[in-house]
Amino acid sequence: LLSKLERWGKGKGGDQESSPFINSAEMDRGNIYEGKNMALFEEEMDSNPMVSSLLNKLANYTNLTQGVVEHEADEDSKRKEVKVPRMGTFIGVYLPCLQNILGVILFLRLTWIVGTAGVLESFIIVFMCCACTMLTAISMSAIATNGVVPAGGSYYMISRSLGPEFGGAVGLCFYLGTTFAGAMYILGTIEILLTYISPSAAIFKAEEVGDETEAMLNNMRVYGTCIIILMAIVVFVGVKYVNKLALVFLACVILSIIAIYAGVIKTAFDPPDFPICLLGNRTLSKRSFDVCAKFTESNNETKTTALWRLFCDSSFLNATCDDYFSLNNVTEIQGIPGIMSGVLADNLWSAYSEKGSIVEKKDQPSVAGSEDTKMGGLPYVFTDIMTYFTMLVGIYFPSVTGRYNYFS
C-alpha cells in the first residue's frame, strides 16, 4: 500500500503527496472549476474594467423580455446558437424597467393630476400604485427564481404557477390589458405630435370654437390606423430589428427625464413668458380676443376691446354688459411662475370639480355676480370631466403597469 501511494504521489506531483486521501475524480473536478468565478451573484463591473464593461453592456443592450430573442432565433431557418449577453443589474434590469415604466401617462397626465389632486394626494396616488407594483414584483421574483422562464414571459409564469384554468383566465385579461395599453400609447403619441410637436400636421382642423375634440378624434383615427399598420409590418418582419434601436429609444427616455429637471431649474430662476388672462378669478380662453383688457388708450381716446364685445351687447362704453364682467377686473398672470414663486404651497391641497365648471384661481380676488348669467358663448375655460380621487387613481395606474412585463 505504501509503495502504491508513493508511485501515485510521484505521478501527481510533490504538492499532492500530503493529501493521499483525495481521489482522482475530485482532483479532476477541482481542475475544471479552477480559475472560474463560482459566486452566485457578482456585478461584472466589480471584476472587469468599468469603462470597457459599461460600453460592452450598452452595445448589447436590449429592452426585450426574457425568451423573446430565443423564440425569434428558434424560428430562424439557420438554427444558430444564441448567446444572451449577461448585462448585470443596471444595464439588464434597471434601464429596461425605466424605459418601460416611464410612459405616456407620466408625461401627459401627471401634471394635470398634481394640479387637480394637489401635491399631497398626488404623492398618495403614486405611492399606492408603486406599492401595488412592488407586491407584484416580489411575487414574480419568488416564482422566477425557482427556475428558468422560457419564451412566454409573465403568461408562462402565471399559467405554470396557478394552473391552466386560472392561468388561461388571467392570460386572457393580460392579453386584453396589453391590447388596450397599446391603443393608449398610440393615442398618446398622436396627441403629443399634434398638440406640441407639429400642430400643422393635423388633417382635420376645428372650424369653430368647440369642435376641437371632434377634430382631434378624427385625426387620431387616421394617424392611429397608419401607426397600427406600421407596427404590424414591424412585428411581421421580426422584433430583432426593433431591438437594434433599443439603445436609441433608451436615450430618448433619458433625455426626456433630463429635460424635465432642466426645465424645473430653468423656470425657477427665469420663468418663461406665458400669460393667462383672468376675469376676477375665472380663466379666459384667448382664442376669441387678443388683448387682455376691457379698454385701450389710443390718441387720448378710450376704445373698447374685442373682450368687451364678447360680454357686452355693443362696443360703446354705455353698453349693457354681463354682471360678472362689470363687477370684476381683468388681470393677466404668468401661467408658469416657477418653483420659487410658492406654487407648491398654492397647489398643496386638492381642487376637484364637476364637469362643465369654470376653471378658477383660488387666491385671486373676485366679486360674485348674478346667478342668472348665461355661460354659453363666453370665453371661459371649462372642465371637460368630473374629477375625484379614485378616478385619478384609475387614470394614473396604467403608467405603472408597463413594468409588470419586464419584471417577468
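**Salt bridges and a buried serine**

Glutamate 360 forms a salt bridge with arginine 282, with 3.9 Å between the closest N and O atoms; a salt bridge here is a side-chain nitrogen of Lys or Arg within 4 Å of a carboxyl oxygen of Asp or Glu. Glutamate 360 sits in the loop between helix H16 (343–346) and helix H17 (389–396), and arginine 282 in strand S2 (residues 282–283), so the pair ties together parts that are 78 residues apart in sequence. Helices (H or I, at least four residues) and strands (E, at least two) are DSSP runs numbered from the N terminus.

This is a predicted model, in which local features need pLDDT of at least 70 and side-chain atom pairs count only at pLDDT 80 or more, while totals for chains, interfaces and linings use all residues. Residues are numbered from 1 along each chain as its sequence is written, and side-chain values use heavy atoms, leaving out hydrogens and water.

Arginine 282 counts as buried because its relative accessibility is 14%, whereas glutamate 360 is partly exposed at 45%. Buried means under 20% relative accessible area, exposed over 50%, and partly exposed in between (1.4 Å probe, protein chains only).

The structure holds 6 salt bridges. Among them, aspartate 363 pairs with lysine 361 at 3.5 Å, N to O, and lysine 361 is partly exposed at 28%. Another joins aspartate 270 and lysine 266 at 3.9 Å; aspartate 270 is partly exposed at 46%, as is lysine 266 at 45%.

Serine 122 lies in helix H8 (residues 110–144) and counts as buried at 6% relative accessibility. Not counting residues up to four places away in sequence, serine 122 touches Ile113, Val114 and Ala117, where contact means heavy atoms within 4.5 Å.
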